[in-house]
Amino acid sequence: MRKIDLCLSSEGTEVILATSSDEKHPPENMIDGNPETFWTTTGMFPQEFIICFHKHVRIERLVIQSYFVRTLRIEKTTSKEPVDFEPWIERDLVHREGQLQNEEILTRDGHATYLRFMIISAFDHFASVHSVSAEGLAVSNLS
């Protein structure tokens, strides 16, 4: 089996929830594979979004490209519905003026059907997520 970017919308992945939405920068932009598009928060923190894979996956590496994100928490579940999330990863990111944050995370126990990303705090009133990439394998279909 080959490793693929499990988070691409072209792989059937969807953003099923986002706590804020701007019509010019919708949540789907994070998984469209286009480096020019992004999702932006609309103030107040925490903010979150949930990604649905529509299958069981094993994630080996995550890459999140963002701007102004200070603290990021990621939870996962293997349930058929987006419930029973468990803590997985929490990171404090570094802000460099004028540069995207490129956070690469090698993962352990990366089995999931859904991921919940929570932006706990930011360096400004708004933050943006430009892409979420999850390298790994599709293990099985949801049944």
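**Figure 1. Salt-bridge network of Lys-3, Arg-58 and Glu-60.** In this predicted model, Lys-3, Arg-58 and Glu-60 are joined in a network of salt bridges. A salt bridge here is a side-chain nitrogen of Lys or Arg within 4 Å of a carboxyl oxygen of Asp or Glu. Side chains of opposite charge can pair when their charged atoms come close. This is a predicted model, in which local features need pLDDT of at least 70 and side-chain atom pairs count only at pLDDT 80 or more, while totals for chains, interfaces and linings use all residues. Residues are numbered from 1 along each chain as its sequence is written, and side-chain values use heavy atoms, with hydrogens and water left out.

**Figure 2. The pair Glu-60 and Lys-3.** The closest N and O atoms of the salt bridge between Glu-60 and Lys-3 are 2.8 Å apart. Glu-60 belongs to strand β4 (residues 47–67) and Lys-3 to the segment before β1 (4–5), so the bridge ties together parts 57 residues apart in sequence. Strands (E, at least two residues) are DSSP runs, as are helices (H or I, at least four), numbered from the N terminus. Glu-60 is partly exposed at a relative accessible area of 21%, and Lys-3 is partly exposed at 46%. Buried means under 20% relative accessible area, exposed over 50%, and partly exposed in between (1.4 Å probe, protein chains only).

**Figure 3. The pair Arg-58 and Glu-60.** A salt bridge also joins the side chains of Arg-58 and Glu-60, with an N to O distance of 2.8 Å. Arg-58 has a relative accessible area of 31% and is partly exposed.

**Figure 4. The pair Lys-76 and Glu-86.** Lys-76 and Glu-86 form a salt bridge through their side chains, at 3.5 Å from N to O. Lys-76 sits in strand β5 (residues 69–77) and Glu-86 in strand β6 (residues 86–92), 10 residues apart. Lys-76 counts as buried, at 4% relative accessibility, whereas Glu-86 counts as partly exposed, at 38%.

**Figure 5. The chain around these pairs.** The chain holds 9 strands and 0 helices. Across the whole structure, the search finds 9 salt bridges. Of the 143 residues, 47% are buried. Among contacts (heavy atoms within 4.5 Å) with a separation of 6 or more, 76% join residues 24 or more positions apart. The C-alpha atoms fill a box of roughly 40 × 30 × 30 Å along the principal axes.
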